[in-house]
Amino acid sequence: MLQRIQTIYLLIAIIVSGGLIFAFSLWENSEGVAQYAQDYIMVFIAFIASAFLSLVSIFMFRNRKLQFVLGRLNILLNFFLLGVFVYWSLSLPGEMDISEKGIGMFLPIISIVFLVLANKAIKKDEDLVKSVDRLR
């Protein structure tokens with residue numbers, strides 16, 4: 001059923017992972033030029049893959065176990081993105097490349113929060129269906 005709360009959470013995760021990456025910069029380099037996710041192909045592909053996994057997960061409402069697994073996979077992908085951002089911001093010596101961090105570096109955290117909420121709602125639905133099956 002598409003009118004469940006997890007659909008709203010997954011839509012927000014799609015907007016964060018697929019839309020806001022074009023609006024918010026990841027950081028500014030030493031010249032003051034804003035760097036976006038599409039400037040780094042690996043980061044851009046990871047964000048788009050996260051949005052795609054959320055979209056696929058929305059339409060897997062008949063198979064809640066697969067929907068739950070896709071949500072967990074998406075959470076791992078966002079943790080990978082977060083790890084890449086932390087590595088890039090901490091491994092560079094001084095202020096050579098990344099001089100000012102942008103809000104785009106925190107987009108995976110926002111996405112993870114909504115994916116966890118969606119997985120919690122999916123798990124709740126699965127438990128409800130199991131309890132109804134026990135009564136039959």
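Me: What distance separates the end C-alpha atoms of residues 102-122, and what share of that span is helix?
Reply: They lie 34 Å apart in another span, residues 39-61, but for residues 102-122 the distance is 32 Å, with 76% helix and 0% strand. Helix here means a DSSP run (H or I) of at least four residues and strand a run (E) of at least two, numbered from the N terminus. Keep in mind that this is a predicted model, with local features needing pLDDT of at least 70 and side-chain atom pairs counting only at pLDDT 80 or more, while totals for chains, interfaces and linings use all residues. Residues are numbered from 1 along each chain as its sequence is written, and side-chain values use heavy atoms, with hydrogens and water left out.

Me: Where does UniProt place the feature "transmembrane region"?
Reply: The unreviewed UniProt entry puts this feature at residues 7-27, 39-61, 73-90 and 102-122. The positions follow the numbering used here and feature names are shortened, but annotations may be inferred rather than shown by experiment. As for the span 39-61, the model makes 78% of it helix and 0% strand.

Me: What pLDDT does the protein chain average?
Reply: The average is 85, and 90% of the residues score at least 70; pLDDT is the predictor's confidence in each residue, from 0 to 100. Helix H2 (residues 41-58) has the highest confidence, at 92, and strand S3 (residues 100-101) the lowest, at a mean of 70. Where pLDDT is low, the coordinates should not be read in detail.

Me: Why is Asp 125 called buried?
Reply: Buried means under 20% relative accessible area, exposed over 50%, and partly exposed in between (1.4 Å probe, protein chains only). Asp 125 has 11%, so buried is the word. Across the 136 residues of the protein chain, 38% count as buried.

Me: What makes Arg 4 and Asp 125 a salt bridge?
Reply: The term needs a side-chain nitrogen of Lys or Arg within 4 Å of a carboxyl oxygen of Asp or Glu. For Arg 4 and Asp 125, the closest N and O atoms are 2.8 Å apart, so the pair passes. This pair links distant parts of the chain, with Arg 4 in the segment before helix H1 (5-19) and Asp 125 in helix H4, 121 residues apart. Arg 4 itself is partly exposed, because its relative accessible area is 32%. As background, side chains of opposite charge can pair when their charged atoms come close.

Me: How many salt bridges does the structure hold?
Reply: Three. One of them joins Arg 64 to Glu 126, with the closest N and O atoms 2.8 Å apart. That pair also links distant parts of the chain: Arg 64 sits in helix H3 (residues 64-91) and Glu 126 in helix H4, 62 residues apart. Another joins Asp 127 and Lys 123 at 3.8 Å, N to O. Those two both lie in helix H4, four residues apart, about one turn of the helix.

Me: Why do Asp 127 and Lys 123 count as partly exposed?
Reply: Asp 127 has 37% relative accessibility and Lys 123 has 40%, so they fall between the two limits. Glu 126, at 13%, counts as buried.

Me: What is Ile 122 in contact with, leaving aside its neighbours within four places in sequence?
Reply: Contact means heavy atoms within 4.5 Å, and on that basis Ile 122 touches Gln 6, Arg 64, Gln 67 and Phe 68. Ile 122 belongs to helix H4 and is buried, because its relative accessibility is 1%.

Me: Which residues form the nonpolar patch on the surface?
Reply: Phe 24, Ile 103, Phe 106, Ile 109, Val 113 and Leu 117, with about 490 Å² of accessible area together. Patches take residues with over 30% relative accessible area and no salt bridge, joining like charges within 9 Å and nonpolar side chains (Val, Leu, Ile, Met, Phe, Trp, Tyr) within 5 Å. Ile 109 has 36% relative accessibility, so it clears that area limit. Accessible areas come from the Shrake-Rupley method with a 1.4 Å probe, and for residues only the protein chains shown count as cover.
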